[in-house]
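Please work through the exercises below with the sequence and the 3D view at hand. Try each task before reading the solution that follows it.

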Amino acid sequence: MELKPRHIEFRDSIDSIINQPKVQEMSRISQHVNGISCLDHCLFVSYMSFAVCKKLGLDANAAARGALLHDLYLCNWDYTDIGHWKRLTIHPQMALENAREFGLSNLEKDIISKHMWPITLFHIPVHRESAVVNLADKICATAEMCGIYWHLKTKTQLRCLNRALA
């Protein structure tokens, strides 16, 4: 499949982290619905955030990187006694801790740690890119849970943007 210039630019922005074992480990964790992994979801949020930030003249590369790592919590909740509500509030901090080894900018840290606002009441996004990722996360999760993700063949389309899967 021939990639468009914006797809190549997106892929270049996440290239240094997408192939990392810790990031690829997200492919073994289910996210929101069966058949969609945490990595699938993060790649979806990452691309949408990149595209919106690019259009708005914001830091699209930081948005793509932060969004790719926003759910890097690496925990299979099925094997814990942590309730659903607590998961929502603690996983951004878990993701941030796991992502620190990738040399994050302050913007990327804000994106990861604030992506669950308003559920994480006092963790309000400081940057516009953080707000974009926050909204993209909600839109993508809704698309996944409502079946729109499958209808649009999102997984197939995003697969080519992940060099590890292409």
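This is a predicted model: local features need pLDDT of at least 70, side-chain atom pairs count only at pLDDT 80 or more; totals for chains, interfaces and linings use all residues.

**Exercise 1. Describe the make-up of the protein: which elements does it have, and in what order do they run?**

Solution. Begin with the count of elements, which gives nine helices and two strands in the protein. Next, follow the chain from the N terminus, where the elements run α-α-β-β-α-α-α-α-α-α-α. Then turn to burial: of the 166 residues in the protein, 49% are buried. The accessible surface comes to about 8,600 Å², and carbon and sulfur atoms hold 57% of that surface. Finally, consider the contacts with a separation of 6 or more, of which 64% are between residues 24 or more positions apart.

**Exercise 2. Determine how helix α1 is placed against helix α3, and which residues meet.**

Solution. The crossing of α1 with α3 is right-handed. On the side of α1, the residues in contact are Arg6, His7, Glu9, Phe10, Ser13, Ile14 and Ile18, while α3 contributes Leu39, Leu43, Ser46, Tyr47, Phe50 and Lys54. Sorted by class, this contact has seven nonpolar, three polar and three charged residues.

**Exercise 3. Repeat the analysis for α3 and helix α7.**

Solution. Helix α7 spans residues 128-145, and its axis is 9 Å from that of α3, at an angle of about 135°. That angle makes α3 oblique to α7. Here too, a right-handed crossing is found, with α3 passing α7. Among the residues of α3 that meet α7 are His41, Phe44, Val45 and Met48, and their partners in α7 include Val132, Val133, Ala136 and Asp137. The residues of this contact divide into 13 nonpolar, two polar and three charged.

**Exercise 4. Decide where serine 130 is found and whether serine 130 is buried or exposed.**

Solution. Serine 130 is found in helix α7. Its relative accessible area is 1%, and the cut-off for buried is under 20%, so serine 130 is buried. To see its surroundings, leave aside residues up to four places away in sequence; serine 130 then touches Leu107, Asp110, Ile111 and Pro125.

How values were computed:
Residues are numbered from 1 along each chain as its sequence is written. Side-chain values use heavy atoms; hydrogens and water are left out. Axes are lines fitted to C-alpha atoms, for helices over the stretch in contact, and angles run from 0 to 180 degrees between N-to-C directions. Helices (H or I, at least four residues) and strands (E, at least two) are DSSP runs, numbered from the N terminus. A crossing is left-handed if the near helix is turned anticlockwise from the far one by less than a right angle, and right-handed if clockwise. Contact means heavy atoms within 4.5 Å. Ala, Val, Leu, Ile, Met, Phe, Trp, Tyr, Cys and Pro count as nonpolar, Asp, Glu, Lys and Arg as charged, and the others, Gly among them, as polar. Buried means under 20% relative accessible area, exposed over 50%, partly exposed in between (1.4 Å probe, protein chains only). Accessible areas come from the Shrake-Rupley method with a 1.4 Å probe; for residues, only the protein chains shown count as cover. Angles under 35 degrees count as roughly parallel, over 145 as roughly antiparallel, 65 to 115 as roughly perpendicular and the rest as oblique.
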